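Welcome to this guided tour! Open your viewer, get ready to select residues by number, and follow along one stop at a time.

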Amino acid sequence: MNVRCAIAGGGPAGMMLGFLLARAGIEVAVVEKHADFFRDFRGDTIHPSTLQLMYELGLLDAFLARPHNELTQLTGSIDDRLVTIADFSRLPTHSKFIALMPQWDFLDFLAEQGKKYAGFRVMMQADVTELLRDGERISGVRAQTPDGPVEIKADLVVGADGRSSTVRALSGLTVEDFGAPMDVLWMRISRDPNGPRQTFGNIRDGRLLVSLDRGDYWQVAFVIAKGTFPELQTAGIDALRRMMVATAPFLSDRINEIQDWTQVSLLTVKIDRLAKWYRDGLLCIGDASHAMSPIGGVGINLAIQDAVASANLLAAPLRDGTLDTNDLREVQRRREFPAKVIQRGQIFVQERLVKRVLTGGAISKLPLVLRLLQHVPPLQSIPAYIVGVGVRPEHVRTPEVLPG
């Protein structure tokens, strides 16, 4: 197979880039190793920056017709003290909320839109195993499929295959790891319709639990110290349930829904970044170039912003057949600064709050920043902008090229 661009990974970055390039009249193949998009406990927060892109594309109404919840504030409970961290109502965006939507619905929506264009192709159950080379240049990928191996020749290979990127590993690009003091256990617990709503974070007695309101259930993230999952398993599921209820008492009447470890998914948290995101014929974006912590839920939206910037900068040279490493360098120049800023912010929160909580440090009074946010509510728009819009937000600059 020969295409202009082969994208490894059908996640948010890969699907958005594939859709935008196909919309611009460029032949693209998105190569996804799984049989479908259904993966539980992936990033399910669609931030205002992404909703703004949907608005610019004329797709927002169709997108929001899919089942979702709307989060207008980020709130938390710190030792029973309720705090509001961010208020999205003042954002300079069309949609002033975070949409909570299963990631498979988001990806399925992008795939449906992409199929309107002749140059768009998604290959499911195609696992990239090798990079093709023409001398020093990357010239495509080899993937294993149920029907056997397939070779895809391309002017550009994009690694959008996540924090454990195969393309990144095969590329030889250098990764800098910044470490993380935590891992996260994800699970579902049904929600009492008359119970609390939109309580985003719960901190109590040296533990941290995040609860996302998903309508009839909570998507729960229980934060644990890095590497302690095996000893927690040894202690037993009852011990996990007790710790969770001690952190978030409103779960007490439903916590027994968690019966065994098959209902618990471990996310190994990491923060890392490629020193160089590209080489001749290859570019990494999203978590493949900068793995993010789940703090703020910004990873999916940063990946989407990478995809939009990549399409804006690369569509014309891909179409003209003039793509070179200078074009790829421009993508890194455009997107490296936002990635660095957000990662530094996540590292700050990890060191100043998460590590302190997990080591049992008492929070006798709210940090100054949180006290200011409570006393001067308009200041809540600042963290709302950082989380909801981000640094250097992207806008769609690629044209729509229709057949004929």
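## Stop one: an arginine in a helix

Select Arg 241, and you will find it in helix α7, which covers residues 237-247. Keep in mind as you look around that this is a predicted model.

Is Arg 241 buried or exposed? Its relative accessible area is 13%, and because buried means under 20%, Arg 241 counts as buried. Now show the side chain of Asn 256 as well: a polar contact of 3.5 Å links it to the side chain of Arg 241.

## Stop two: a hairpin

Next, select residues 207-213, which form strand β15. Six of its seven residues are buried, so the rest of the structure largely encloses this strand.

For one example of residues facing each other across the two strands, pick Leu 208 and look opposite to Val 223 in β16. Three residues lie between the strands of this hairpin, and Gly 215 takes a positive phi near 85 degrees.

## Stop three: a three-stranded sheet

Which strands make up the open sheet of three? The order is β3-β7-β4, and the pairing is antiparallel. Select 45-46 for β3 and 69-71 for β4: these are the edge strands, each pairing on one side only. Zoom in on Leu 71, and you can find its bridge partner, Ile 98, in β7.

## Stop four: the nonpolar cores

Finally, head for the largest nonpolar core, which has 89 residues. Select Met 16, Met 54, Phe 106, Leu 156 and Leu 283, the members that touch the most others. Which helix gives the most to this core? Helix α8, residues 299-320, does, with ten residues.

Center the view on Met 54. Leaving out residues up to four places away in sequence, Met 54 touches Met 16, Leu 59, Leu 60, Phe 63, Phe 106, Phe 109 and Leu 110. Another core, of 19 residues, lies apart from the largest one; among its members are Trp 218, Ile 224, Ile 237 and Ala 248.

Definitions and conventions:
Residues numbered from 1 in each chain as written. Predicted model: local features only at pLDDT ≥ 70, side-chain atom pairs only at ≥ 80, totals over all residues. Heavy atoms only, no water. Helix = DSSP H or I, 4+ residues; strand = E, 2+ residues; numbered from the N terminus. Buried < 20%, exposed > 50% of the residue type's maximum accessible area, 1.4 Å probe, protein only. Polar contact = N/O pair within 3.5 Å; in protein donor to acceptor, adjacent residues only side chain to side chain. Pairing = 2+ DSSP bridges. Core = buried A, V, L, I, M, F, W, Y, C linked by side-chain atoms within 4.5 Å. Contact = heavy atoms within 4.5 Å.
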